[in-house]
Amino acid sequence: MLYTIVQDSNRYRSLVWDDAQITQLVGESDMELRIDMWNSPRTYKDVFDETLRVSFKPLSKQSEKLAIPDVSVLQGRLFLSSKAHSVLSNLIKPDGEFLKVNFDGEDGYIFTPLCVAEKLGGLDIQLSRKNEWGDLESLSFHEEKVKGCALFRCEYDMFMSLHCQQVVKDAIEKGGLKGVFFTTDLGNIFSNQFDGNIRDTN
């Protein structure tokens with residue numbers, strides 16, 4: 001079974017990059033180096049020579065009441081607390097790259113998935129569709145072709161959604177990690193489109 005991982009934005013705060021630090025390190029002109037803006041799969045291990053700062057500062061009065069997550073999704077990437085990293089690192093490390101970050105004096109990690117469905121012949125082009133404005137209507141994969149990736153993305157939706165195998169869902173649930181939920185409505189990353197009673201939550 002495949003799932004899309006969705007940020008539970010009704011209960012948990014979203015990650016905020018330190019834009020000023022990133023601008024100082026890589027400038028403004030090369031967008032591909034701007035991890036805060038560029039979401040296509042690429043490695044950053046040779047880009048940043050210092051630990052990036054992130055935060056979960058509330059962006060509104062309402063978000064002040066929200067919790068800081070153990071695991072979070074941002075533009076097809078994962079934020080992992082130290083706890084989440086200890087649970088998931090061995091499982092997902094073959095599928096991408098960890099980048100250490102610091103938030104509120106604590107260590108965390110950004111995981112950039114580098115597995116792409118199309119490179120594996122894994123996108124089902126017969127069942128994946130967009131509407132006349134280019135918005136995603138349905139997303140489907142050949143499960144046998146992507147089974148080697150615990151986490152993966154696809155170019156079809158500009159790498160914006162993050163998909164996982166059952167084993168990742170099970171590990172997050174067993175580890176008691178909070179911050180995301182899962183849907184079989186593949187490609188749907190909009191938390192507000194899910195009724196709270198039907199979410200597969202963590």
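Buried means under 20% relative accessible area, exposed over 50% and partly exposed in between, with a 1.4 Å probe and protein chains only. The model is predicted: local features need pLDDT of at least 70, side-chain atom pairs count only at pLDDT 80 or more, and totals for chains, interfaces and linings use all residues. Residues are numbered from 1 along each chain as its sequence is written, and side-chain values use heavy atoms, with hydrogens and water left out.

**View 1. Cysteine 154 and cysteine 149.** Cysteine 154 has a relative accessible area of 0% and is buried. Cysteine 149 is also classed as buried, at 6% relative accessibility. Cysteine 154 is in no disulfide, the nearest cysteine sulfur being that of cysteine 149, 12 Å away. With a disulfide taken as a pair of cysteine sulfur atoms within 2.5 Å, the count is zero.

**View 2. The largest pocket.** The space in this pocket is about 300 Å³. Among its 17 lining residues, Leu136, Asp157, Gly187, Ile189 and Phe190 are the closest to the centre. A pocket is an open set of points on a 1 Å grid over the protein atoms alone, where a 1.4 Å probe fits, with protein on both sides within 12 Å along at least five of seven lines; lining residues have an atom within 4 Å of a point. The volume is the space filled by probe spheres set on the points, which are joined across faces, edges and corners.

**View 3. The second largest pocket.** About 210 Å³ of space lies here. Of the 14 lining residues, those closest to the centre are Gln7, Val73, Leu74, Gln75 and Ile189.
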